[in-house]
Amino acid sequence: MTACLRLLSALCLAALLAACASSPSSNLGELPRTPDATVEQLLERASASKSPEEAAVLRLSAADQAARQGDSARATQILQQVRIELLKPGLQILASTLNAELALTRNDAKAALAALDHPSLQRLGELPADQQVRTHLVRARALEADGQILAAARERVFIAPLLSGEAAAQNHEAIWALVGSLPVEQLQNQGTDDFAGWLSLALAVKSAGTLEQQQAAIDTWVAQHAAHPAARQLPAPLVKLKALASQPLTRIALLLPQDGQLAGVARALREGFMAAYYQAQQAGQKPPVIDVIDSSRLTSLDDFYRQAQAQGVQLVIGPLEKPLVKQLAARAQLPLPTLALNYSDTNQMGPPQLFQFGLAAEDEAREVSRRARADGLHSAAAMIPKGDWGDRVLNAFRQDWEANGGTLIAAERVDQPVQLAQQIADMLNVRNAGGGLQSSSGAQGSRRQDIDFIFLAATPQQAQQIKPTLNFQYAGDLPVYATSHVFSASGDQAQYNDMTGIRFCETPWLLDAGNPLRQQVTRQWPQANGSMGRLYAMGVDAYTLAARLGQLKALPDSRVEGLSGNLGMGANQRIERQLPWAQFVGGQVQRLPNTTP
């Protein structure tokens, strides 16, 4: 990003100087023609200047040069001293653009967008093309970082005609990455311009079920949109998709326990899987033969694989039991590609034929980190259950949050309800009106102000206690971001009322009651309307993934829009989920707008 910032800054300055040199009477403003001056020399000249306008121009030039040199902190400090109201419109645009670029180096998308809301931007079209490109690019990046993916894509499509060479190629690929990440409902556009064409291409690819159907959909789209930029040059992921060899699946072994502690979980997974199978059949597809095998009766994995191969099985889905998954992960090779429905230990690499998929709480912890960053938050406190599960969730959150520049200020492990009020008071440094730590007194007081939000992994019952306690401890305005574990999907308005304001990630299955497959499943199995619905969604997605594993492996950036989440392949061939968001509001569940996946 620093290299890109330097290049764009250099292009912008060159264009501005050239334009101003050829048009001395320009009323847009120009930077001083001092290409060899250092940041220090420019600042010295600014301090010595008797003209406030000249001083502002010199400081802007110094800030821009510091940014081009990769010193964002110094550039920010200098820019804060620039009196932007003294600058002419063209330089005001440059200052706003630089301000936005520097905000993005701090991962502050909202500050970047605010900087680009300056009135001078109305005259951007009067500036040279390079300055227009620079400003539009930073706006596109800021919109993307703020989760406004559709608007970011539109911005990049708008500036595409102004670009050439490598910059045009990079923008081309960025447009596809953006529109390809949008959910299907945002791809409906009946226009005829280039932007509508991009959306229709993404819709065509996402609407196709199998690899062969995706390849055919691309060919059809190209034939219908021959003049579109994406038809003249397919985005790289689609070129790879077209080149993927396809071997249609004709037989799958579904390996799940029918007895034991996991029998109920397995039943929901199997019913979801078979529901997707019958839906494909009804849609006119020719689904593979499914051999349902009882893993609770297995005596030897080797014998199972030998028999599966002899019967012509091409893919194994399962097992569910963690000990069996760990056994598979410990092997150097497997006889058949296998999509396990659980995860081995984190440090187990696994053979190249093994893929792993499950409803990992760690995915949701990383999702909270991603969403909080997208919302412009920087510092967190965490509340997680005491025990191994809570530690794993906290570690996943901490690693992702801190790796992306966030700060975890405090963490409390929730155990006994009677200790909850004191734990929250300690975590928030709550003080009552007399100056002492708040415990049970209702006196007016205060709390620490360096926490932007609370990461919560808790049951609905725990969350019902935690949110009112936060309100009592002067933290009712502190955002709470939670994993799906706070949502019972029971429809209990009293319970939801107690958690008003909590934001949580959840499967598309439970947030979209209008999904046709969900409606069909819940008519037969009403329990799929509740928390068990997550397992039905996972079963559906296991069927979908069966035909997409090769694609996800060959195209690491590609994703599958599933009902348990937006699915992609992470390290060690583990399927990772990104989830939509909702919020408890007035006893109801309110869906929140999507952010970038």
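Trainee: In what sense do strand β16 and β17 pair, and over how many bridges?

Mentor: In this predicted model, β16 (residues 581-585) and β17 pair in the antiparallel sense, over four bridges. Two strands count as paired if DSSP finds at least two bridges between them, and four bridges were found here. One example: the bridge partner of Val585 is Gln588 in β17.

Trainee: What makes β17 an edge strand?

Mentor: β17 (588-591) pairs on one side only, and so does the other edge strand, β7 (407-414). Between these ends you can read the sheet as β7-β6-β10-β11-β12-β16-β17, seven strands in an open sheet with mixed pairing. From one strand to the next, the twist averages 25°.

Trainee: Which helix packs on the sheet, and which strands is it touching?

Mentor: That's helix α18 (residues 388-403), which touches β6, β7 and β10. Its direction makes about 170° with that of β7.

Trainee: What are the pairings of β10 with β6 and with β11?

Mentor: Both are parallel. Strand β6 (residues 379-385) pairs with β10 over four bridges, with Ala381 opposite Ile454. Three bridges join β10 to β11 (residues 480-482), and there Leu456 stands opposite Ala482. To get from β10 to β11, the chain goes through helix α20 (residues 460-472), in a β-α-β crossover that is right-handed.

Trainee: How do you know that both faces of β10 are covered?

Mentor: Look at the residues on each side of β10 (residues 453-456). Phe453 and Phe455 are on one side, Ile454 and Leu456 on the other, and all of them are buried.

Trainee: What makes Leu456 stand out in the largest nonpolar core?

Mentor: Contacts: Leu456 and Ile317 are the residues with the most contacts inside that core, which has 71 residues. Leaving aside neighbours within four places in sequence, the contacts of Leu456 include Met383, Ala463, Ile466, Val480 and Ile502. There's also a second, separate core of 37 residues, with Leu104, Ala202, Ala230 and Ala231 among them.

Trainee: Why say that the buried residues of α4 line one face of the helix?

Mentor: Start with the residues themselves: in α4 (residues 72-79), Ser72, Ala75, Thr76, Ile78 and Leu79 are buried. Seen down the helix axis, they fall within an arc of 165°, so they line one face.

Trainee: What do the buried residues of α4 pack against?

Mentor: They pack against α2 (39-48), α3 (52-68) and α5 (89-105).

Trainee: Why is Gln92 called buried?

Mentor: Gln92 has a relative accessible area of 12%. The cut-off for buried is under 20%, so Gln92 qualifies at 12%. You'll find Gln92 in helix α5. Apart from neighbours within four places in sequence, Gln92 is in contact with Ile84, Glu85, Leu87, His118 and Ser120.

Trainee: How many helices and strands does the protein have, and what share of its residues is buried?

Mentor: There are 25 helices and 17 strands. Of the 597 residues, 52% are buried. As for contacts with a separation of 6 or more, 63% are between residues 24 or more positions apart.

Definitions and conventions:
Residues are numbered from 1 along each chain as its sequence is written. This is a predicted model: local features need pLDDT of at least 70, side-chain atom pairs count only at pLDDT 80 or more; totals for chains, interfaces and linings use all residues. Side-chain values use heavy atoms; hydrogens and water are left out. Buried means under 20% relative accessible area, exposed over 50%, partly exposed in between (1.4 Å probe, protein chains only). Helices (H or I, at least four residues) and strands (E, at least two) are DSSP runs, numbered from the N terminus. The arc is that of the directions from the helix axis to the C-beta atoms. Contact means heavy atoms within 4.5 Å. A crossover is right-handed if, with the strands pointing away from the viewer, the path from the first strand over the helix to the second runs clockwise. A nonpolar core is a set of buried Ala, Val, Leu, Ile, Met, Phe, Trp, Tyr and Cys residues joined through side-chain atoms within 4.5 Å. Axes are lines fitted to C-alpha atoms, for helices over the stretch in contact, and angles run from 0 to 180 degrees between N-to-C directions.
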